[in-house]
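Thanks for coming. I will take one structure today and go through it piece by piece, so please have a look at it before I start.

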Amino acid sequence: MRAEILKSVTCFVQDTTIPDTVTIDALSNVINLCEYVFQESYSYFEICTCEICGNIKIVKKCILPINEGVLNKHGFAKIVDAIKEGKVLKPKCTKCDKERSVSVSYGAQLFIESSIITTLQDIPLSIQLDEQQYTHVGCVVYHGQHSQTSVGHYTAYVRNGTNWIEYDDLLRKPKKVSVKTNCYINMCIYVET
């Protein structure tokens with residue numbers, strides 16, 4: 001299954017120099033896979049309206065943009081501020097080149113890309129965006145290069161009540177991890193409650 005997904009993700013380069021063999025360069029990240037697997041799901045969408053000419057543009061995104069500087073400075077406790085500051089650009093109208101007004105709606109799930117090292121206990125259990133309440137259900141963690149022959153590895157940490165479970169396809173079964181586990185968080189996942 002993983003190979004079939006990787007073959008069809010367009011961001012990967014295919015090398016067919018060996019007859020009857022396809023080598024896939026999988027030096028990508030979980031965000032590329034998320035955007036492919038969840039093409040029809042969105043974390044948010046923007047409705048950009050030009051007040052001058054009435055032109056409307058709708059932008060749907062799977063990955064919720066954030067201001068990582070906020071997380072770097074204040075940690076995950078300020079995730080809502082990082083989300084709100086991630087969309088401060090006012091796009092210009094493609095017809096009349098004037099600034100558009102933007103309204104934002106959030107989806108049933110939030111896929112939030114990050115590159116922050118933190119402990120699992122520092123990630124808020126719930127957040128509120130506008131009138132919607134979300135619960136943190138898990139994150140994808142990147143384990144970096146340990147040698148010149150390894151390019152790193154992703155695992156999933158899933159919140160189960162007050163416990164955290166690590167799912168690693170290199171291990172035979174999931175294992176419980178401490179909330180004090182230090183992680184390189186590549187993506188946080190929240191679902192609407």
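**Threonine 118 and what surrounds it**

Leaving aside neighbours within four places in sequence, threonine 118 is in contact with Phe76, Ile123, Thr181, Asn182, Cys183 and Ile185, where contact means heavy atoms within 4.5 Å. Before going on, the conditions: this is a predicted model, local features need pLDDT of at least 70, side-chain atom pairs count only at pLDDT 80 or more, and totals for chains, interfaces and linings use all residues. Residues are numbered from 1 along each chain as its sequence is written, and side-chain values use heavy atoms, with hydrogens and water left out.

Back to threonine 118, which is found in strand β7. Helices (H or I, at least four residues) and strands (E, at least two) are DSSP runs, numbered from the N terminus. Is threonine 118 buried or exposed? Threonine 118 is buried, with a relative accessible area of 8%. For that term, buried means under 20% relative accessible area, exposed over 50%, and partly exposed in between, with a 1.4 Å probe and protein chains only. The side chain of threonine 118 also makes a polar contact with the side chain of aspartate 122, at 3.4 Å. A polar contact is a pair of N or O atoms within 3.5 Å; within protein, one must be able to donate a hydrogen and the other to accept it, and residues adjacent in sequence count only if both atoms are side-chain atoms.

Glutamine 109 is in strand β7 too. Glutamine 109 counts as buried, at 16% relative accessibility. Which backbone oxygen does the side chain of glutamine 109 reach? That of tyrosine 42, at 3.0 Å. Not counting residues up to four places away in sequence, glutamine 109 touches Ser41, Tyr42, Ser43, Tyr190 and Val191.

Now the overall figures. The protein has four helices and 13 strands, and 33% of its 193 residues count as buried. Of the contacts between residues at least 6 apart in sequence, 58% join residues at least 24 apart.

Next, the cores. A nonpolar core is a set of buried Ala, Val, Leu, Ile, Met, Phe, Trp, Tyr and Cys residues joined through side-chain atoms within 4.5 Å. The largest one has 27 residues, and those touching the most other members are Ile83, Leu110, Ile112, Cys139 and Tyr190. At least two residues of this core come from each of α3 (68-74), α4, β7, β8, β9 and β13. Which strand supplies the largest share of this core? That is β13, with four residues. Apart from this core lies another, of eight residues, among them Ile31, Ile63, Phe111 and Val140. As background, nonpolar side chains tend to be buried together in soluble globular proteins.

Ile31 brings us to helix α2, residues 30-37, whose buried residues are Val30, Ile31 and Cys34. Why are they on the same side of α2? Because they cover an arc of only 100 degrees around the axis, the arc being that of the directions from the helix axis to the C-beta atoms. Their cover includes β5 (63-64), β7 (109-119), β9 (132-143), β10 (153-160) and β13 (182-192).

Now β8 and β9. β8 and β9 run antiparallel and are joined by four bridges; two strands pair if DSSP finds at least two bridges between them. Glutamine 128 stands opposite glutamine 133 in β9. The hairpin has two residues between its strands, and in it aspartate 130 takes a positive phi near 55 degrees. Aspartate 130 is partly exposed, with a relative accessible area of 44%.

Aspartate 97 also has a positive phi, of about 65 degrees, although it is not a glycine. Where is aspartate 97? In the loop between α4 (79-85) and β6 (101-106). Aspartate 97 is exposed, at 51% relative accessible area. For reference, most residues other than glycine have a negative phi.
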